[in-house]
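Have the viewer open and follow along as we go.

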Amino acid sequence: MVMTSSQVLWLSRICREKLCAAVHRYIITSNHLTFHTISQVPPMALKQISSNKCFEGFQKVFEHDSAELKCKMKFGIYLPPKAESGKCPVLYWLSGLTCTEQNFITKAAYHQAASELGIIVVAPDTSPRGCNIDGEEESWDFGTGAGFYVNATEDPWKTNYRMYSYIVEELPQLINGNFSTDPDRISIFGHSMGGHGALICALKNPGKYKSVSAFAPICNPIQCPWGQKAFGGYLGSDTGKWEAYDATHLVKTYSGSQLDILIDQGKDDQFLSAGQLLPDNFIAACTERKIPVVFRLQEGYDHSYFFITTFVNDHIRHHAKYLNA
């Protein structure tokens, strides 16, 4: 069926608004409209905030209403050229303390590698926003910008601060429902608090992620000041609950499919010397469990995005080995 551009736009809007029992997904290429039946409506409608062409693909930002977090959330998504003609694997990036979806997409310089390797890269925000919770804006390492990728169990945080379920469940459903993805090929990586998030997501969900990597991750949060503050606030005083979100503890009981973990750590990272990251504890646990981990201590590098930008292509290629296998 050949249609004019105005007809395509009109019918697209009607399809979005009227889908019910018989659900369809539409794909528009030029002026040709093709329908594909799928099992469910995408969980949430998306509002496009921005779109910029980059290495023949597009870096976009979307906003949506999150069912898990009970607020509006934004995420960045890079769609490589291959996404226009076929399904692509998805690599999720989790950012660190104080970050939004913007930090990685504007500073990390990952687009060329993702374009060439045909990988969709998704970069969500790091916490709920604007929930009007008393105290959420008081500290840079707790509350807004510091969700720590856990499901809070304590008041007043438990209603909104459910970043673990958002990352593992809601966001992938949203991405798979709205973009040309292969839902069986996903991987995850992150930085600092986000490196902690990437490691625990992979370790808590054997087989879900094809690969995992991290830059300067918080490896043993129950033993460091950042983690103790966040876990105490979000999860309460029972430290037994904390272990479910600690990568060093999780790896000690991991029995799933093999994970080949890549970690880059700057040797001049001020948070390494301050005892916030504790990678040695994680490496020792991996060694004991015979779980492969490549740990690269990078001379002269700190905790910043200059460090991430230098080695991000290595990480993209690491994930491509598994996503494009």
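**A guided tour of the fold**

Arg 185 sits in strand β8, which covers residues 181–191. Keep in mind as you look at it that this is a predicted model. The side chain of Arg 185 reaches the backbone oxygen of Leu 323 at 2.9 Å. Setting aside residues up to four places away in sequence, Arg 185 touches Lys 87, Cys 88, Pro 89, Val 90, Lys 210, Leu 323 and Asn 324.

Now zoom out to the whole chain. The protein chain has eleven helices and eleven strands, and 54% of its 325 residues count as buried. Among contacts between residues at least 6 apart in sequence, 71% join residues at least 24 apart.

Ile 167 has a relative accessible area of 2%, and because buried means under 20%, Ile 167 counts as buried. Which residues are in contact with Ile 167, leaving aside its neighbours within four places in sequence? They are Leu 94, Pro 124, Tyr 149, Pro 172, Ile 188, Cys 201 and Tyr 209.

Next comes a polar residue. Ser 66 belongs to strand β4, residues 57–66, and at 5% relative accessibility Ser 66 is buried. The side chain of Ser 66 makes a polar contact of 2.9 Å with the side chain of Glu 170. The Ser 66 side chain also reaches the backbone nitrogen of Glu 68 at 3.3 Å.

Let's turn to the helices. An α-helix has 3.6 residues a turn, so residues three or four places apart point the same way. Which residues of helix α6 (residues 225–235) are buried? They are Trp 226, Gly 227, Ala 230, Phe 231, Tyr 234 and Leu 235. These residues lie on the same side of α6, because they cover an arc of only 105 degrees around the axis. Among the elements that cover them are α5 (193–204), α7 (239–242) and α9 (270–273). Just after α6 comes Gly 236, with a positive phi of about 90 degrees.

Helix α10 (residues 279–289) can be read in a similar manner. Its buried residues are Pro 279, Phe 282, Ala 285 and Cys 286. Their arc around the axis is only 125 degrees, so they sit on the same side of α10. The face turned away from that buried side carries the exposed residues Asp 280, Thr 287 and Glu 288. What covers the buried residues of α10 includes α5, α8 (247–252), β10 (261–266), α9 and β11 (293–298). After α10 comes Lys 290, with a positive phi near 60 degrees.

That brings us to the backbone. Most residues other than glycine have a negative phi, and most peptide bonds are trans. Phe 55 is not a glycine, yet it has a positive phi of about 50 degrees. You will find Phe 55 in the loop between β3 (47–54) and β4, where it is partly exposed, with a relative accessible area of 44%. Lys 70 lies in the loop between β4 and β5 (71–79), and its phi is positive too, near 60 degrees. Is Lys 70 buried or exposed? At 53% relative accessibility, Lys 70 counts as exposed, because exposed means over 50%. For the peptide bond, look at Asp 155 and Pro 156, which are joined by a cis bond with omega about 0 degrees. Pro 156 is placed in the loop between β7 (120–124) and α4 (163–178).

Our last stop is an open space. The second largest pocket has a volume of about 210 Å³. How many residues line the second largest pocket? There are 14, of which Leu 97, Thr 98, Cys 99, His 191 and His 303 lie nearest its centre. By class, that lining has six nonpolar, seven polar and one charged residues.

Note on methods:
Residues are numbered from 1 along each chain as its sequence is written. This is a predicted model: local features need pLDDT of at least 70, side-chain atom pairs count only at pLDDT 80 or more; totals for chains, interfaces and linings use all residues. Side-chain values use heavy atoms; hydrogens and water are left out. On a 1 Å grid over the protein atoms alone, a cavity is a set of points where a 1.4 Å probe fits but cannot get out, and a pocket is an open set with protein on both sides within 12 Å along at least five of seven lines; lining residues have an atom within 4 Å of a point. Grid points are joined across faces, edges and corners, and a volume is the space filled by probe spheres set on the points. Ala, Val, Leu, Ile, Met, Phe, Trp, Tyr, Cys and Pro count as nonpolar, Asp, Glu, Lys and Arg as charged, and the others, Gly among them, as polar. Buried means under 20% relative accessible area, exposed over 50%, partly exposed in between (1.4 Å probe, protein chains only). Helices (H or I, at least four residues) and strands (E, at least two) are DSSP runs, numbered from the N terminus. The arc is that of the directions from the helix axis to the C-beta atoms. Contact means heavy atoms within 4.5 Å. A polar contact is a pair of N or O atoms within 3.5 Å; within protein, one must be able to donate a hydrogen and the other to accept it, and residues adjacent in sequence count only if both atoms are side-chain atoms.
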